[in-house]
Amino acid sequence: MDRTFEELVAEGAAVPTDGWDFSWFAGRATEERPEWGYARAAGERLARARAALDLQTGGGEVLDFALSRAAPARPAVLAATEGWPPNAARATARLAPHGAVVVAAPDTAPLPFAGAAFDLVLSRHPVTPDWPEIARVLRPGGTYFAQHVGPASAFELVEYFLGPQPQEVRAGRDPERERAGAEAAGLEVEELRTARLRMEFHDIAAVVHFLRKVIWMVPGFTVEGYEERLRALHGEITAGGPFVAHSTRQLVVARKPAAAGAVA
């Protein structure tokens, strides 16, 4: 459709950003998925867990799907945390039928649970994993199963707006740093896999919505503040097709040792 820059930007700026439902992007942006199928695999683990915790659950969308794959089995104790109040409210409504308790807790605060409370801790795309707290709430022999954002994810888009980023920023989520953090907290990393995945943005509305939703990509992003770059990118997409970037994802499986003397 021949739609103006102003119309597309207004649409992207009007879409609600709460939750982690990305269905609005259908037909407007695409992203490959890692071969390991995080949500499906999480469901398999939930079916075997006695007590499980999902960290930074967003609107509960991924945990809801994983629990549907685990059904009819599910943990006797099921909890989730979320730091943004609108998402916490969405997650509470979505996860209540599964018997889950959603705790509104800041992402940077200590976890509001007793030590050794869970045999499974999950997280999909945490802002920053708090390894000491993850180790503390895991029972001996328990597992942390997560998909993290990897280094320099979608940096083609980030650097289009912010310019070249320092190497320290590009390497901020390096998998070996993740491993070192987990091991320093007393966890044993059993699996650490990385995938580089193609992303395509087919119109400027998708770019605007993405940057409003994933706020850490271009901190402080506003349409007004980046109008010149948005207009330039709109022109490139209109003339040459979708803007291509690459996300990075990491599968992290870490276990708390069962032996005496493990972190508790």
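This is a predicted model: local features need pLDDT of at least 70, side-chain atom pairs count only at pLDDT 80 or more; totals for chains, interfaces and linings use all residues.
Figure 1. I204, V207 and V208 of α9 meet L230, L233, H234 and I237 of α10. By class, the residues of this contact comprise six nonpolar, one polar and no charged. Helix α9 spans residues 204–213 and helix α10 spans residues 227–240. Two packed helices are described by the angle between their axes and by the distance between those axes. For α9 and α10, the angle is about 135° and the axes lie 9 Å apart.

**Figure 2. Buried residues of helix α6 and the elements packed around them.** Helix α6 covers residues 155–162, and its buried residues are F155, L157, V158, Y160 and F161. These buried residues pack against helices α7 (167–170), α9 and α10. They also pack against strands β7 (188–201) and β8 (243–255). After α6 comes G163, which has a positive phi, near 85°.

**Figure 3. The second largest pocket, with lining residues from α6 and α7.** This pocket has a volume of about 360 Å³. Its lining consists of 21 residues, of which G150, F155, V169, R173 and W216 are the closest to the centre. F155 is also one of the buried residues of α6. Helices α6 and α7 each contribute at least two lining residues, and the largest share, three residues, comes from α6. Sorted by class, the lining contains 13 nonpolar, five polar and three charged residues.

**Figure 4. The largest pocket and the residues closest to its centre.** The volume of the largest pocket is about 1,200 Å³. It is lined by 47 residues, and W20, F22, R124, H125 and V214 are the closest to its centre. The lining divides into 22 nonpolar, 14 polar and eleven charged residues.

**Figure 5. The largest cavity and its lining.** The model has one cavity of 30 Å³ or more. About 130 Å³ of space lies within the largest cavity. Its lining is formed by 16 residues, with L55, Q56, D107, L111 and D130 nearest the centre. Nine residues of this lining are nonpolar, four are polar and three are charged.

Key:
Residues are numbered from 1 along each chain as its sequence is written. Side-chain values use heavy atoms; hydrogens and water are left out. Axes are lines fitted to C-alpha atoms, for helices over the stretch in contact, and angles run from 0 to 180 degrees between N-to-C directions. Helices (H or I, at least four residues) and strands (E, at least two) are DSSP runs, numbered from the N terminus. Contact means heavy atoms within 4.5 Å. Ala, Val, Leu, Ile, Met, Phe, Trp, Tyr, Cys and Pro count as nonpolar, Asp, Glu, Lys and Arg as charged, and the others, Gly among them, as polar. On a 1 Å grid over the protein atoms alone, a cavity is a set of points where a 1.4 Å probe fits but cannot get out, and a pocket is an open set with protein on both sides within 12 Å along at least five of seven lines; lining residues have an atom within 4 Å of a point. Grid points are joined across faces, edges and corners, and a volume is the space filled by probe spheres set on the points. Buried means under 20% relative accessible area, exposed over 50%, partly exposed in between (1.4 Å probe, protein chains only).
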